[in-house]
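This report walks through one protein chain, part by part. Keep the structure in view while reading.

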Amino acid sequence: MRIWQRIKQYYPPYVDFIAMGMLIFAALYLALMYGQLPDEIPTHYNFTGEPDAWSGKISLVGLLILFVHLFAFTWLLNYFLCVAPKNWKNFIHLINVPTVKKDELNENQVKAMRIYIARMMASMNFLMSFIFAYIIFGTIQTALGRQNGLGWTPFVIVILLIIVCIHYCRQSIRVAKKTS
């Protein structure tokens, strides 16, 4: 359990567990409902969440595979870039902070930046997991005639993703620009 103890220093590990739960839910739900799906399902939605393109139901499997890869890549990237490095000098050369001289940063600044970047990546993974699980669930429900499209939820989640990125990037830059 050493891995979770290291993660706990940067953000609460339950964020990863919830995101992983959404991935497992989407995979199980798709596996259970796949046989009931019609051959043609919605595969694209307009700005208001109404289906405007249809394709074969196998496209949901492709979406799930993309979901798995994005989840795993984001989590691994977060862990190995932000959480795992013990030497703070190694970490600072992996990130790009505009208008900041990285070699002039002290250990406390770098640690704070690592925390913000790790939290940003965990938050992004959580929100991406939510949107993928929602799209898979909503597409199945729409294909079965139980709902009419996805609504505004994906749009709201994308806006939240942008806000999270801006917030944590601003926090990291603010810490990096502080003089000690």
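## A helix with a greasy face

Ile163 sits in helix α6, which covers residues 153–177. Helices here are DSSP runs of H or I with at least four residues, strands are runs of E with at least two, and both are numbered from the N terminus. Ile163 is partly exposed, because its relative accessibility is 49%. The cut-offs are these: buried is under 20% relative accessible area, exposed is over 50%, and partly exposed lies in between, with a 1.4 Å probe and protein chains only.

Ile163 also belongs to a nonpolar surface patch of about 900 Å². Other members include Phe47, Trp152, Phe155 and Ile166. Patch residues have over 30% relative accessible area and no salt bridge; like charges are joined within 9 Å, and nonpolar side chains (Val, Leu, Ile, Met, Phe, Trp, Tyr) within 5 Å. A salt bridge puts a side-chain nitrogen of Lys or Arg within 4 Å of a carboxyl oxygen of Asp or Glu. Areas come from the Shrake-Rupley method with a 1.4 Å probe, and for residues only the protein chains shown count as cover.

## Source and overall layout

This is a predicted model: local features need pLDDT of at least 70, side-chain atom pairs need pLDDT 80 or more, and totals for chains, interfaces and linings use all residues. Residues are numbered from 1 along each chain as its sequence is written, and side-chain values use heavy atoms, without hydrogens or water.

The chain holds six helices and two strands. Their order along the sequence is α-α-β-β-α-α-α-α. The C-alpha atoms fill a box of roughly 60 × 35 × 20 Å along the principal axes. The chain has 180 residues, and 42% of them count as buried.

Strands β1 (residues 40–45) and β2 (residues 51–56) run antiparallel, joined by five bridges. Strands pair if DSSP finds at least two bridges between them.

## Helix α3

Helix α3 spans residues 58–83. Its 26 residues reach 37 Å from first C-alpha to last, close to the expected 38 Å. The expected span is 1.5 Å times one less than the number of residues.

Buried residues of α3 include Leu60, Leu64, Phe67 and Phe71. An α-helix has 3.6 residues a turn, so residues three or four places apart point the same way. Phe73, also in α3, is exposed, with a relative accessible area of 54%. Phe73 and Asn125 are 52 residues apart in sequence, yet 9.5 Å apart in space, C-alpha to C-alpha.

## Helix α5

Helix α5 runs over residues 107–143. It has 37 residues and reaches 53 Å, close to the 54 Å expected. Of those 37 residues, 26 are buried, so α5 is largely enclosed by the rest of the structure.

Asn106 caps the N-terminal end: a side-chain oxygen lies 3.0 Å from the backbone nitrogen of Asn108. Glu107 lies in α5 and is partly exposed at 48%. Gln141, also in α5, is buried at 9%. The side chains of Gln141 and Tyr29 make a polar contact of 2.3 Å. Such a contact is a pair of N or O atoms within 3.5 Å; within protein, one must be able to donate a hydrogen and the other to accept it, and residues adjacent in sequence count only if both atoms are side-chain atoms. After α5 comes Gly145, with a positive phi near 80°.
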